[in-house]
Amino acid sequence: MSAQPPLTFTGATLDRASHLRDPKNQALLRAKPEARTCVIWRGKPLFEGDVSPLLQWLPMNAPILSEATEPPVFLGLNEAEAPRFATDISAWEDPEADKDALGRFLDESQNRHPEMRPGQAFLDLRATMASLAPEDAAHAAGARGVFAWHTTHGYCAKCGATSTPSLAGWQRTCTRCQAHHFPRTDPVVIMLITHSEKVLLGRSPGWPEGMYSLLAGFMEPGETIEAAVRRETLEEAGIFVGEVGYLASQPWPFPASLMIGCWGHAEGDQITRDPVELEDAMWVSKPDLKASLEGANPALRPARQGAIARFLIEGWLAEGRA
């Protein structure tokens with residue numbers, strides 16, 4: 001593909017330093033005066049600023065951290081070898097929270113804890129991702145993803161007993177059978193399917209009005225990436241796909257996927273849509289797609305800036321792949 005800016009959520013700069021995840025080293029790292037932590041509240045990282053929000057790294061004794069019910073997760077060491085952590089304070093109740101906004105596809109509300117400085121707020125990562133510095137987006141995504149896993153994996157999948165965080169937050173250990181469980185990442189194929197200078201776009205039920213994107217779907221056990229691309233495209237749109245190739249990948253922390261971007265050549269253009277999976281699907285020409293990206297076609301809203309779908313579409317338009 002043509003040269004493009006790095007994909008959102010791929011700019012992590014921390015050394016994960018997994019050899020320091022034992023309890024003794026963690027205690028020493030947390031005690032270092034240069035140690036800092038980002039803070040997550042119900043999936044929303046703490047930022048400062050409105051136009052280009054900056055991820056906030058707080059001292060380990062910051063008053064807001066008293067809301068945490070579990071130890072911080074160790075994210076790694078920065079270039080100066082200063083420890084960086086992530087702390088979840090989701091147990092805190094925001095009396096002014098817009099509870100309807102918290103469940104929306106795009107949450108544009110802001111949440112403020114009494115211990116915050118003016119200008120600081122918990123912001124939805126999906127709503128802010130296009131305006132973040134690459135490293136801030138990547139580190140916030142990593143923290144959000146690991147806490148989403150902790151939230152949904154409090155019980156042992158082997159025996160059903162409760163589990164507790166271990167290995168500095170990168171493992172859960174069963175309190176009964178001692179089984180170890182690790183953060184999961186779900187592989188998802190997302191496909192730039194083309195035919196005669198047109199690209200296949202679809203919209204899922206519940207998406208914002210007019211929003212269309214590339215088709216995507218979870219991979220299944222025993223399946224190759226190429227097979228998943230062909231299966232998902234056939235299941236959702238009734239389109240048979242021939243040649244398939246890889247383009248790029250993106251961690252997608254909503255809640256914890258790895259988006260595997262591929263291209264594929266359709267063997268025909270007759271769409272047979274699965275109404276359960278897709279509310280609509282259509283072939284879009286390059287001129288129409290360019291108009292959509294420029295905001296000149298309100299009936300066709302492209303994937304958001306920062307999403308791999310937008311990245312793949314813009315690369316295709318720039319390169320002229322057909």
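Strand 14 (residues 241-252) and strand 15 (residues 257-266) pair in the antiparallel sense, over nine bridges. This is a predicted model, in which local features need pLDDT of at least 70, side-chain atom pairs count only at pLDDT 80 or more, and totals for chains, interfaces and linings use all residues. Residues are numbered from 1 along each chain as its sequence is written, and side-chain values use heavy atoms, without hydrogens and water.

Strands are DSSP runs of E, at least two residues long, and helices are runs of H or I, at least four, numbered from the N terminus. Two strands pair if DSSP finds at least two bridges between them.

Strands 14 and 15 form a hairpin, with four residues between them. Gln250 has Met259 of strand 15 as its bridge partner. Strand 11 (residues 186-195) pairs with strand 15 in the parallel sense, also over nine bridges. There, Val189 is bridged to Ile260. Eight of the 10 residues of strand 15 are buried, so the strand is largely enclosed by the rest of the structure. Buried means under 20% relative accessible area, with a 1.4 Å probe and protein chains only.

| Pocket | Volume | Lining residues |
|---|---|---|
| Largest | About 820 Å³ | 35 residues |

A pocket is an open set of points on a 1 Å grid over the protein atoms alone, where a 1.4 Å probe fits, with protein on both sides within 12 Å along at least five of seven lines; lining residues have an atom within 4 Å of a point. A volume is the space filled by probe spheres set on the points.

Met259 is among the residues nearest the centre of the largest pocket. Helix 4 (134-152) gives the second largest pocket seven lining residues, the largest share.

Methods: Buried means under 20% relative accessible area, exposed over 50%, partly exposed in between (1.4 Å probe, protein chains only).
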